[in-house]
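Dear colleague,

I am handing over a structure that you have not worked with before, and I would be glad if you could look through it alongside the notes in this message.

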Amino acid sequence: MTTAPLIRSLWWSARTQGEPPFDTAHLKVYYPAHAEGTDAERLTGVFPPAPGRHPIVVLCSGVNVAQDSYRSLAVGIAEAGYAVVTFDRVAELFGGQYGLTCGVDLDAARPDAYGTRPTCPTIPAILDALREIDLLKDALDFDRVALGGHSAGGTVVLQSARFFPGVRAAFGFGTHTMVATMLGWPAGTVLPAQVECPVFLAVGTRDGVIMGSSDRYGQDGFADPVTRTFDEALPGEGHLFAVLEGANHFAVADPVDPTAARAFLDLEPGRDPAESRAAYLEVLIAFLRARLNGDPDSLEKVRKNPPPSVTLREH
C-alpha cells in the first residue's frame with residue numbers, strides 16, 4: 001500500500017489593491033513536506049519542505065466561497081508534488097456590496113480596456129507574497145506556475161494569465177468568459193481569453209449556477225458559455241475540455257456552505273460529488289504534469305482511459 005506524501009500548510013498574508021481594511025488577502029500555502037523528527041517539528045508543527053523546487057499552483061475562489069472549501073482539492077494537487085495557494089480576501093464586490101472575492105478590476109473588463117491589463121490585480125500580489133516566506137524560499141519554482149480557479153475565480157484567470165511571467169498553464173471549473181452586459185458588451189459576447197499557455201476547462205452536466213445566471217449575459221435561453229469559451233475564446237492549441245456527467249457547479253467544493261454564495265441555484269448532483277472531485281483531480285493532475293513537468297505520458301494515459309464519468313475534448 002502506497003503511503004500518501006506528507007502535506008503541510010502555513011498561513012501568510014498579502015497586501016492587495018483596495019482601501020483598508022479591505023486590502024489584504026489571507027493565504028494558505030499547502031506544500032509537500034519532509035518530516036525530520038526534530039523537537040522543532042514537535043513543538044511548532046512546522047515541517048521543512050520536501051527536497052526540490054516545486055511548481056506553484058494558485059487557486060482563485062468563486063465569489064463568497066471560502067478557501068477552506070477547496071482544501072481537499074488543494075491537498076490532492078499538493079500530493080502530486082505542487083505547492084498550492086488558496087486565499088480569502090474580503091473586499092467590495094459591486095454596487096456597495098462586500099464579500100469574499102479574488103479581486104476584480106471591473107474597469108479592466110469594459111470594452112475600452114479589456115486586454116490591456118489583468119482583471120485580477122490580486123494575482124501578482126499573491127505571487128510576490130510567496131517570495132517572502134523564508135521556509136519556502138528554496139522550494140518554490142516561479143518559472144513553473146499554473147493559475148486556476150472555480151467559477152468567477154477561473155474567469156479572472158482566463159482574463160489575466162498572459163500578464164504574469166512564469167505562467168505555463170491555466171485551468172478552471174465552471175468557468176467561462178461570457179461577459180455581463182452591464183459592463184457595456186453586446187448580449188452573448190464571449191471575450192477572448194488573455195492566455196498564452198494551454199488551458200484546461202471543465203464543467204458538470206448539472207451546473208445550475210451558470211444556467212441560473214444566463215440573464216446577466218443577455219441570453220433569453222441557456223447557451224452553454226463554458227463550451228463556447230473553449231470553442232471560441234482560447235488562442236493556439238494544447239487546450240483540454242472535460243464534461244463531468246452528473247457533476248454540479250459546486251462539485252469541486254467540499255464542504256459547500258449553504259449560507260453563502262449561490263449554491264441555492266445549483267442542481268442536485270447526479271452522482272456522488274466525491275467521485276466527481278476525484279475524476280476532476282485525476283485529469284487536472286495529468287494536465288499539470290504535462291504542462292509544468294514536461295511529462296506528456298500522464299496526459300496521454302488520461303486521454304486513452306479517462307475516468308468513467310468524464311468526456312474529454314481537445315484543440
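Predicted model: local features only at pLDDT ≥ 70, side-chain atom pairs only at ≥ 80, totals over all residues.

Salt bridges

The structure holds 12 salt bridges, and I describe some of them here. In one of them D23 is paired with R15, and the closest N and O atoms of the two are 3.4 Å apart.

Another salt bridge joins D105 to R117, with 3.0 Å between the closest N and O atoms. This pair links distant parts of the chain, 12 residues apart, although D105 and R117 are both placed in the loop between β6 (98-100) and α3 (122-130). D105 counts as partly exposed at 21% relative accessibility, and R117 is likewise partly exposed, with a relative accessible area of 32%.

A further salt bridge is found between R228 and E232, where the closest N and O atoms are 2.9 Å apart. Both residues belong to helix α6 (residues 225-233), and they are four residues apart, which is about one turn of the helix. R228 is partly exposed with a relative accessible area of 25%, and E232 is also partly exposed, its value being 48%.

The largest pocket has a volume of about 1200 Å³. It is lined by 46 residues, of which V63, F94, V104, A152 and R216 are the closest to its centre. The elements that give two or more residues to this lining are β5 (90-92), α4 (152-158) and α5 (208-211), and α4 gives the most, with three residues. By residue type, the lining of the largest pocket divides into 24 nonpolar, 16 polar and six charged residues.

The second largest pocket has a volume of about 170 Å³, and its lining is made up of A80, E282, I285, A286, R289, S298, K301 and V302. Helices α7 (273-292) and α8 (296-304) each supply at least two residues of that lining, and the largest share, four residues, comes from α7. The lining of the second largest pocket divides into four nonpolar residues, one polar residue and three charged residues.

With kind regards

Note on methods. Residues numbered from 1 in each chain as written. Heavy atoms only, no water. Salt bridge = Lys/Arg side-chain N within 4 Å of Asp/Glu carboxyl O. Buried < 20%, exposed > 50% of the residue type's maximum accessible area, 1.4 Å probe, protein only. 1 Å grid on protein atoms, 1.4 Å probe; cavity = no way out; pocket = protein on both sides within 12 Å on 5 of 7 lines; lining within 4 Å. Points joined across faces, edges and corners; volume = space filled by probe spheres on them. Nonpolar A, V, L, I, M, F, W, Y, C, P; charged D, E, K, R; others polar.
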